[in-house]
Amino acid sequence: MSSTLNPYLNFRGQAREAMDFYASVFGGEVTRSTFAEFQVSQEPSEAEWIMHSQITTPAGFTLMAADVPAHMDLKPGSTISISLSGDDEAELTGYYEKLVDGGTVLEPLSKAPWGDSFGMAIDKFGTQWLVNIAGAAAAQS
């Protein structure tokens, strides 16, 4: 088996809702396990929180997430962004539009100085996304 690198997002009681949202954006089925399923919840109110969840999308993306229990540190912030890039303008524009719904546009999806289309947004769960759509290849001289 080869190695892979996958984004893993952490939430405080919102992982179920967030992963359902991401599945609505990217497609794919969400698999999930709760703390209760493994009898590892330290707080009864957190028993149904998500210990691990994963989406593998039709495009081949894998996104993982979990809820961080109250006894563990969670520092929300902008220390990570998830980048989507490619040349399928319709697909990537659709992802961007769904991600900004209920979120905050940091950079509208538009023509960038390097020739691609680029946009940045923070979704309604606080995750920052970068979308880059490859422009026409530069002319050969």
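## Packing of helices α1 and α2

Helix α1 (residues 15-26) and helix α2 (residues 89-100) have axes that come within 9 Å and cross at roughly 150°, where axes are lines fitted to C-alpha atoms over the stretch in contact and angles run from 0 to 180 degrees between N-to-C directions. That makes α1 roughly antiparallel to α2, a term used for angles over 145 degrees. The crossing of α1 past α2 is right-handed, that is, the near helix is turned clockwise from the far one by less than a right angle. Helices here are DSSP runs of H or I with at least four residues, strands are runs of E with at least two, and both are numbered from the N terminus.

From α1 the contact draws on F21, Y22, S24, V25 and F26, and from α2 on Y95, K98 and L99, contact meaning heavy atoms within 4.5 Å. These residues divide into 6 nonpolar, 1 polar and 1 charged; Ala, Val, Leu, Ile, Met, Phe, Trp, Tyr, Cys and Pro count as nonpolar, Asp, Glu, Lys and Arg as charged, and the others, Gly among them, as polar.

## Basis of the model

This is a predicted model, in which local features need pLDDT of at least 70 and side-chain atom pairs count only at pLDDT 80 or more, while totals for chains, interfaces and linings use all residues. Residues are numbered from 1 along each chain as its sequence is written, and side-chain values use heavy atoms, with hydrogens and water left out.

## The largest nonpolar core

The largest nonpolar core holds 27 residues, of which F11, Y22, F26, L84, L99 and W129 touch the most other members; such a core is a set of buried Ala, Val, Leu, Ile, Met, Phe, Trp, Tyr and Cys residues joined through side-chain atoms within 4.5 Å. At least two residues each come from β1 (8-11), α1, β3 (50-56), β4 (62-67), β5 (81-86), α2 and β8 (128-133), and α1 gives the most, with 8 residues.

Leaving aside residues up to four places away in sequence, Y22 touches L9, F11, G27, I55, L63, L99, D123, F125, T127 and W129.

S33 lies in strand β2 (residues 29-34) and counts as buried because its relative accessibility is 18%, the limit being under 20% relative accessible area with a 1.4 Å probe and protein chains only. Beyond residues up to four places away in sequence, S33 touches F38, W49, I50, M51 and H52.

W49 belongs to the loop between β2 and β3, and its C-alpha atom is separated by 8.1 Å from that of Q14, 35 residues apart along the chain.

Technical notes: Angles under 35 degrees count as roughly parallel, over 145 as roughly antiparallel, 65 to 115 as roughly perpendicular and the rest as oblique. Buried means under 20% relative accessible area, exposed over 50%, partly exposed in between (1.4 Å probe, protein chains only).
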